[in-house]
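Thank you all for making the time this morning. I would like to walk you through one protein chain, from its overall dimensions down to a few individual residues.

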Amino acid sequence: MKKTLLYILLITVSVLQAQDKESENQSLMISDGSNFTSKDFFPKFSWDTTPMYYMFQHKKRLLKPEEVGFIAARTGFLCIEKSHGKAELGAAELGAKHESAAFKEAKSDAKVLFYFNSAYAWPYTSYSENFTKERIEDYPELKKFLLTNPKTGKLYEHYGAFCFDILNPDFRAWWVETVVKGVKESGCDGVFIDQMHGNNRFIKDKKEEIAVAMGEMMGALKEKMGADKILLGNNANNKDAKYVYPVCDAVMFENYATVRSKKENLLSEWQDMLKNAKNGKISVFRLGVEGAGRGNLKPKGEMPNFSQKQLEFALACYLIGAQPYSYFMYSWGWTLATGSLVNYPELQKPLGAPKGAYKRTTPEGWEFTREFEHASVWVDTENRKAKITWH
């Protein structure tokens, strides 16, 4: 009798292990039938609900415990944006350090990224605080790292920040050491690098040289940061970043405005998400709230409800192209108040793994469908309509 019970127990354990293995294989199956090769330092990935990535800043203060809990309940993969906590702690790397510890306490396997820009000299960290109009003349060694307009002799600016000279090898060495220091001192699991173009709009005759220099700088960063740290490159799929892409662990598709998410762009990004998965890279698909571009925001109190109404199309666009280790980000900006604390019930619904690749209803049409374990997705990217049926 005891031997029979033991035999039944062993069989049951074996069956459960086989089911777990089958479930794991299904969750990591790429839409072309191959399997995603994950890395030990990657965030945890699951199709249980929509896989989410969060990225935000609040320049004036740190997160409240209930805000940490709200976000941690929805993701284990996030970035603390460029100026977070500066007013309260004095430097953005201290804000990142505080929040990284808070999220890891709330969710032990959370992966939190530090932020740094490769094109614009944001003065929010202690490492970059002297890149301001008031201070830069007192730091000639730093001023040499910035681009100067040859016609006016003045420093180039964009979005109110000075612009780095990627072709200066001394700058590249300083930048790499600075980012490595920021990741280490903040206790983060890697870094989100913004603006991969190297300010080539100002030196149009040296775009190829700039692209090569950017690739070398990112390669040096990945090497010195450590193999177990995540390097997420914003729009590293773009042609400007062709030498950056190979060294990135992750790529963000930053569709910050409707013009960036035209039907042709979306189709191209779905193909790039497949390429990323086959190369063992993480994808972050970010689609901004429709109709909420710069200068077109609704009154502050209306945006959460407005974004709820726009969610179905954005989510459908993500689901059509999603692969293992593809994450969805949805917001109408980059601050804490632009979507990170909004409750979107659809994003918490059971999703389940995809049952296969997306289908295009006609060879030249712009309607696409895809089936998941608990959802059927239809989207028309030409007319920007979508329907997700949950079951």
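Predicted model: local features only at pLDDT ≥ 70, side-chain atom pairs only at ≥ 80, totals over all residues.

Residues are numbered from 1 along each chain as its sequence is written, and side-chain values use heavy atoms, with hydrogens and water left out.

Let me take the whole chain. The protein chain has ten helices and 14 strands, where helices (H or I, at least four residues) and strands (E, at least two) are DSSP runs numbered from the N terminus. Its C-alpha atoms fill a box of roughly 85 × 55 × 45 Å along the principal axes.

Buried residues make up 52% of the 391; buried means under 20% relative accessible area, exposed means over 50%, and partly exposed lies in between, with a 1.4 Å probe and protein chains only. Counting as contacts those residues with heavy atoms within 4.5 Å, 68% of the contacts between residues at least 6 apart in sequence join residues at least 24 apart.

Now to the helices. Helix α7, residues 207-225, has 19 residues and should span 27 Å at 1.5 Å a residue, and its end C-alpha atoms, 26 Å apart, agree with that; the expected span is 1.5 Å times one less than the number of residues. The buried residues in α7 include Ile210, Met214, Met218, Leu221 and also Lys222, and what covers the buried residues of this helix includes α6 (169-186), β6 (190-194) and β7 (230-234). After α7 comes Gly226, with a positive phi near 120°.

Helix α8, residues 263-278, has 16 residues and reaches 23 Å from its first C-alpha to its last, close to the 22 Å expected. Among its buried residues are Leu266, Leu267, Trp270 and Met273, and also Glu269 and Asp272. Gly280, which follows α8, has a positive phi, near 70°.

Which residues other than glycine have a positive phi? As background, most residues other than glycine have a negative phi. Gln195, in the loop between β6 and α7, has a phi near 60°, and Arg384, in the loop between β13 (375-380) and β14 (385-390), has a phi near 55°. Arg384 counts as partly exposed because its relative accessibility is 22%.

Two further positions deserve a mention. Glu66 is in helix α2, residues 65-72, and counts as exposed because its relative accessibility is 55%; Glu66 and Leu155 are 89 residues apart in sequence and 43 Å apart in space, C-alpha to C-alpha. Gly365, in the loop between β11 (359-360) and β12 (367-371), counts as buried because its relative accessibility is 15%, and its C-alpha atom is separated by 33 Å from that of His197, 168 residues away along the chain.
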